[in-house]
Amino acid sequence: MDASNFFTLFLIICLSRTSILVYNSRLCLLLILYKVIFAFLVVFSLYSGKSYSREREPSGLASASTDQLPLVQLDTSKLSALPKLLSLVDDLNLRIRRYEQLSKPITLKSSLELTLVSNPTLASYRNLILSEFYNFKASQSSWFPSIIASPTAPAFGQVFSSTKTGNSADNISPFSSSTSTITESYQFTPGIVINWSFLDFSRQPFIDSRFQAFKQNQFLYASAVRDQLLSVQTNYYQIQASAALIAYYKPLAENLLDEYILQLAQFDEGLIDVGSLSQQRSQLFQTINQMIGFYDTLFSSSYTLADSIGLSPDSIFRPTDKLLVSGKWPLSLEDTLVQAETSREDIFAAIAAVKEFDDLAKFYIRQYLPTFSLYATASIANTWGSSTESYFRNGQSIGSRRVPSTYDNTASAAVGINFSWSIFDGANNYFTSKSNKETANSNRNKVLSQVNSVSAEVKSAYSLYVSSRSQLTAASESLKAAQISQEVALERFRVGISNITTFIQTVQLYSTAAVDYTEALQNYNISLAQLYRYSASFPLDVANIDPNSFFYVQ
């Protein structure tokens with residue numbers, strides 16, 4: 001800045017606002033003198049080298065991050081005479097206090113790891129995996145022989161029997177006679193049956209179908225894990241975005257509040273008109289109202305994050321990570337599509353469903369083939385006891401006798417090859433096989449549909465990634481320029497060389513730039529998280545997940 005420009009600027013400052021000398025010349029002269037001295041100091045600082053150059057970073061703004069969420073309430077000590085403004089600021093401070101008291105700090109990585117442990121939806125998938133695993137092991141057990149203890153009932157106990165025999169009167173014998181025998185005995189009859197189906201054409205297809213059902217649930221669980229982690233990441237980025245906007249807007253609200261108090265005093269002295277004051281008031285109310293909305297979004301996103309993690313929806317979390325660019329996607333669109341189509345677990349799950357029902361179709365149609373088995377049985381029958389015989393003639397007892405104790409021991413055994421053959425069942429197994437075959441064909445079409453869906457997801461995420469990357473660069477530069485413009489306009493307004501309209505315009509420009517930058521950064525991080533999810537890969541620093549664990553197998 002040369003001497004002529006310096007002198008010109010100084011004259012402009014000295015002559016500014018001289019038109020306000022209407023009825024209170026002494027007060028106006030003192031005010032102008034104060035502004036001239038303050039302006040001289042500001043111009044001198046600019047002349048000495050503290051200028052807003054293109055290379056200077058705006059204060060409080062990093063290229064891709066914000067300060068931690070400010071939880072300091074706005075000062076209301078000077079608002080006692082302004083009930084409407086005081087009420088609005090109190091609403092904002094109430095949200096700040098509530099968030100400070102109820103929120104718990106959490107990092108993105110810890111929230112992802114907590115999701116794997118606490119989420120009930122993922123726990124439900126793990127139970128289903130175990131259920132199908134045990135079904136698979138049960139089907140494998142059909143390769144082993146069956147051994148059954150098969151005694152004659154009761155295996156050990158007491159047996160009662162009653163027998164009555166006789167003849168009626170006829171021409172040869174005019175008398176009828178009968179004998180009644182009551183037997184009371186004990187028996188011990190152990191037995192065993194061994195059966196081994198060594199040739200069963202339908203057994204292996206059924207085992208294979210149970211294995212595919214088990215694998216399908218593993219793939220579905222892995223897909224659910226990725227979906228849940230993406231949901232957590234999205235919610236976390238939303239909280240970070242709201243926190244970043246609050247961090248950007250809070251200095252604005254404080255400056256607007258301070259300036260409004262000063263403008264109100266000047267209005268009372270008749271130094272400014274109602275139009276200038278109304279502009280300041282409107283922008284102040286709008287900014288505070290927007291901050292209230294940011295805090296409401298902060299609470300809403302925190303509740304959603306808690307639900308995604310699997311905790312009580314009453315939990316409120318505060319991000320400890322700054323809103324930063326989370327990384328860079330290393331693959332092209334074509335390579336990303338290849339990665340997704342060869343790695344996505346939901347595609348593998350659909351393929352496993354095809355194999356499952358193909359194997360079930362084989363199982364039912366092979367029910368018509370004979371089954372050969374090795375059969376062996378052995379048993380021992382031990383009985384002992386006594387009986388009483390009673391004799392009757394013409395219905396009258398003529399005597400009885402006690403038969404001495406008897407003992408009987410019988411052993412038997414058999415071994416050989418057995419077979420069974422379901423020759424005709426009304427075509428029940430045939431139609432059941434056809435039904436499973438059509439279900440397999442339906443799942444084949446679902447595989448193709450799933451591949452198309454995966455391709456669409458990847459293309460959509462990649463498009464958002466590319467566009468948000470470009471928007472992020474532009475929005476970052478726009479925010480830097482807007483903050484410089486706003487800071488300069490504020491200082492010019494304070495020393496009286498700029499009007500309220502220019503200052504408010506720069507505030508609005510800065511507010512819009514802050515929202516655009518935060519949204520672009522949020523969309524960039526979300527699109528990057530979507531690319532990792534839709535390509536079935538995890539960045540190394542996201543969460544500790546063992547790809548070879550029992551519940552997560554490819």
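**Exercise 1. Describe the salt bridge between R444 and D358.**

Step 1. R444 and D358 form a salt bridge, with their closest N and O atoms 2.5 Å apart. A salt bridge needs a side-chain nitrogen of Lys or Arg within 4 Å of a carboxyl oxygen of Asp or Glu.

Step 2. R444 sits in helix α10 (residues 428–495), D358 in helix α9 (residues 345–365). The pair links distant parts of the chain, 86 residues apart. Helices (H or I, at least four residues) and strands (E, at least two) are DSSP runs, numbered from the N terminus.

Step 3. Classify each partner. Buried means under 20% relative accessible area, exposed over 50%, and partly exposed in between (1.4 Å probe, protein chains only). R444 is partly exposed because its relative accessibility is 34%. D358 has 13%, so D358 is buried.

A note on the model: it is predicted, so local features need pLDDT of at least 70 and side-chain atom pairs pLDDT 80 or more, while totals for chains, interfaces and linings use all residues. Residues are numbered from 1 along each chain as its sequence is written, and side-chain values use heavy atoms, leaving out hydrogens and water.

**Exercise 2. Which parts of the chain does the R533–D227 pair link?**

Step 1. Check the contact. The closest N and O atoms of R533 and D227 are 2.6 Å apart, in a salt bridge.

Step 2. Find the elements. R533 belongs to helix α11 (residues 500–534) and D227 to helix α6 (residues 203–268). They are 306 residues apart, in distant parts of the chain.

Step 3. Classify again. R533 is buried because its relative accessibility is 5%. D227 reaches 40%, so D227 is partly exposed.

**Exercise 3. How many salt bridges does the structure hold?**

Step 1. The total is 11.

Step 2. R344 and D346 meet through their side chains, 2.7 Å from N to O. Both residues are buried.

**Exercise 4. Which residues make the nonpolar surface patch of about 730 Å²?**

Step 1. List them: W196, F198, L199, F201, L369, L374, V415 and I417. Patch residues have over 30% relative accessible area and no salt bridge; like charges are joined within 9 Å, nonpolar side chains (Val, Leu, Ile, Met, Phe, Trp, Tyr) within 5 Å. Areas come from the Shrake-Rupley method with a 1.4 Å probe; for residues, only the protein chains shown count as cover.

Step 2. Find the main contributor. Strand β5 gives the most, with three residues.

Step 3. Take F198, which lies in β5. F198 counts as partly exposed because its relative accessibility is 35%.
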